[in-house]
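Please look over the chain below.

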Amino acid sequence: MEKKMNNLSLNSRSWNAFFIEDVAEILSGRDIYERERLDGLIPYITATANNNGIGYFVANSNETLESNCLSVNRNGSVGYCFYHPYKALYGNDTRKLRPKKNNKYVSLFISLCITKQREKYGYGYKMGTGRLKRQRILLPIDENNNPDWQFMEDYMKAKEQQILKPTIEKICKHLIINEITGGVIYLMPIGKHFISQKYSRKYSEGNGLKRPITQREELHTYRQPLSTMVWMDLLETKAA
């Protein structure tokens, strides 16, 4: 994996500046005010830097509902960009970007490049639609000076595997061990960690009766894979 990442070095690539409107269609969001919100399961994207931009889960619906889009905060935590593979609604404090290259890994790469620009924005200098359209980001290019979509995809896939591999190996190791020793194993997401729990059948005796019971045993705690925002700080992604 390390050798593969070396072959995908960012420093080995040629880069060029592109307007965001050259790589994505930019659309306005639509506010769902507090009094209008219905509790549900649809992510509602707001101008937060946390939880991948998800502010609420609602049962509302409007014309912004779409999957495989990026969101960019134009207010609040200005400049943060997130990728949403799931269907989501977008508030008006964000802009919804529909990438012209519809690919998960390319979208993740672009989101990192956009977020790298966030420091130039703030309360008095917001990222409106006009500024967003003419915002430049640096992208790796191919021999024809076009964005090198394949390199972006390969790079993000390799980075994903590099980050996930240690966690997957640890989980598989403990699953195999516990399969041998008996019991049923569950991975329970708790905050930023996974809790490995083992459920075994036991028996209790009371009043002369033998009753089956389930005993839970907490085994190990695993950190979840790094989020996209942590990737951003690890990568050497260049910005205009």
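Is glutamate 160 buried or exposed? Glutamate 160 is buried, at 14% relative accessibility (buried means under 20% relative accessible area, exposed over 50%, partly exposed in between, with a 1.4 Å probe and protein chains only).

## Basis

This is a predicted model: local features need pLDDT of at least 70, side-chain atom pairs count only at pLDDT 80 or more, and totals for chains, interfaces and linings use all residues. Residues are numbered from 1 along each chain as its sequence is written, and side-chain values use heavy atoms, without hydrogens and water.

## Salt bridges

The whole structure holds 8 salt bridges (a side-chain nitrogen of Lys or Arg within 4 Å of a carboxyl oxygen of Asp or Glu). Glutamate 160 pairs with lysine 104, with the closest N and O atoms 3.5 Å apart. Lysine 104 lies in helix α3 and glutamate 160 in helix α5, so the pair ties together parts 56 residues apart in sequence (helices are DSSP runs of H or I, at least four residues; strands are runs of E, at least two; both are numbered from the N terminus). Lysine 104 is partly exposed, at 38%.

Arginine 98 bridges to glutamate 25 at 3.0 Å between the closest N and O atoms. Strand β8 carries arginine 98 and strand β2 carries glutamate 25, so parts 73 residues apart in sequence are tied together.

## Nonpolar core

The largest nonpolar core has 34 residues (buried Ala, Val, Leu, Ile, Met, Phe, Trp, Tyr and Cys joined through side-chain atoms within 4.5 Å). Its largest share, 8 residues, comes from α3.
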